[in-house]
Amino acid sequence: MTIHSADPPDWGVVQQSSSCCKVGSRSTNQIFRWDCIWCMVQLLNHGISHELMDEVERLTKAHYSSCREPRFQEFAARTLEAGEKGADVKDVDWESTFFVRHLPASNIADLPDLDDHYRQVMKQFASEIQKLSEKLLDLLCENLGLEKGYLKQAFAGSNGPTFGTKVSAYPPCPRPDLVDGLRAHTDAGGIILLFQDDQVSGLQLLKDGEWVEVPPVRHAIVVNIGDQLEVITNGRYKSVMHRVLTRPDGNRMSIASFYNPGADAVIFPAPALVAAGAEEERAGAATYPRFVFEDYMNLYVRHKFEAKEPRFEAMKSAIATA
């Protein structure tokens, strides 16, 4: 498995063999501590066939052109007219999107405008992404010194994890100064795997107050950490603020799959990492709250495009007053 990590001016490369991961002389643990700075990496030889990825891309772009583009053009015309008349359109996103739920129960058969071949290809792709997500969770366990399977179990709840895919297009925008493709935010959930357009850029992450572009790489899977993994790892891995810029040319494809906790999963820092933090004098006890994932999501949908820290504090306060 090859990993590119967002380390300007170039993306560092991690080569994974059957026994180790190295960048030069770095060991696996060193690599993942290094990547903790960013918590967004790109995987290359991840095991998902390039032929499958190419077919997903072909069908997704064709579906947008035939089914979603006319509806988006209506939205675009209204948004541009309002913005050019002086209205603030910064609270909307310049994207066309639909969501496919895979777990705990699939909704793909219920989605309109998808032909049978597209449904089957998306099911196959989702299955591969799910397996890769679970493998990555176990790699994180290994690097954190947690028992194998700990993170997957932490996500399980009573009915297993929730897992779904957001399929998005970010069409050309003649006025990039008026509106963003997707406003800055952290992801609420667990681990997010993104298959993005390799020709059209736009994804950026925030590092040390500066926006850094995540360059498109052919057949790469971008891996991002969500708020729940930040909590469970007691801050060892942090969710990263990111956004999508609009462009005057190019229609950017984005297929983001979210492997998240089950709705009733109880989320809290892993006790072993709290103890390790105390031993390393990193702030001592758990610095994150204990909460039910669904409760966090109810808060998140109202405050998605705001900093994550007030959300964590709000969950602490809710527990204190319960």
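Where is the place of proline 104? Keep that in mind for the third view. This is a predicted model, in which local features need pLDDT of at least 70 and side-chain atom pairs count only at pLDDT 80 or more, while totals for chains, interfaces and linings use all residues. Residues are numbered from 1 along each chain as its sequence is written, and side-chain values use heavy atoms, with hydrogens and water left out.

**View 1. Helix H2 and its bend at arginine 68.** Helices here are DSSP runs of H or I with at least four residues, strands are runs of E with at least two, and both are numbered from the N terminus. If H2 (residues 50-84) were straight, its 35 residues would span 51 Å at 1.5 Å a residue, but its end C-alpha atoms give only 42 Å. (The expected span is 1.5 Å times one less than the number of residues.) At arginine 68 the helix bends by about 60°, with proline 70 following within four residues; the bend is the angle between axes fitted to the seven residues ending there and the seven starting there. Just after H2 comes glycine 86, with a positive phi of about 105°.

**View 2. Helix H3, end to end.** H3 (residues 116-144) has 29 residues and should span 42 Å, and its end C-alpha atoms are 42 Å apart, so the two values agree. At its start, a side-chain oxygen of aspartate 115 comes within 3.2 Å of the backbone nitrogen of histidine 117. Just after H3, glycine 145 has a positive phi of about 80°.

**View 3. The loop between S5 and H3.** Here is proline 104, in this very loop. Most residues other than glycine have a negative phi, and most peptide bonds are trans. Yet the bond from leucine 103 to proline 104 is cis, with omega near 5°. Aspartate 113 is found in the loop too, and has a positive phi of about 75° although it isn't a glycine.

**View 4. Arginines over rings.** The charged end of arginine 183 sits over the ring of phenylalanine 305, 3.8 Å from its centre. Arginine 290 does likewise with phenylalanine 268, at 4.3 Å. (To count, NZ of Lys or CZ of Arg must be within 6 Å of the ring centre and within 35 degrees of the ring normal.)

How values were computed: A polar contact is a pair of N or O atoms within 3.5 Å; within protein, one must be able to donate a hydrogen and the other to accept it, and residues adjacent in sequence count only if both atoms are side-chain atoms.
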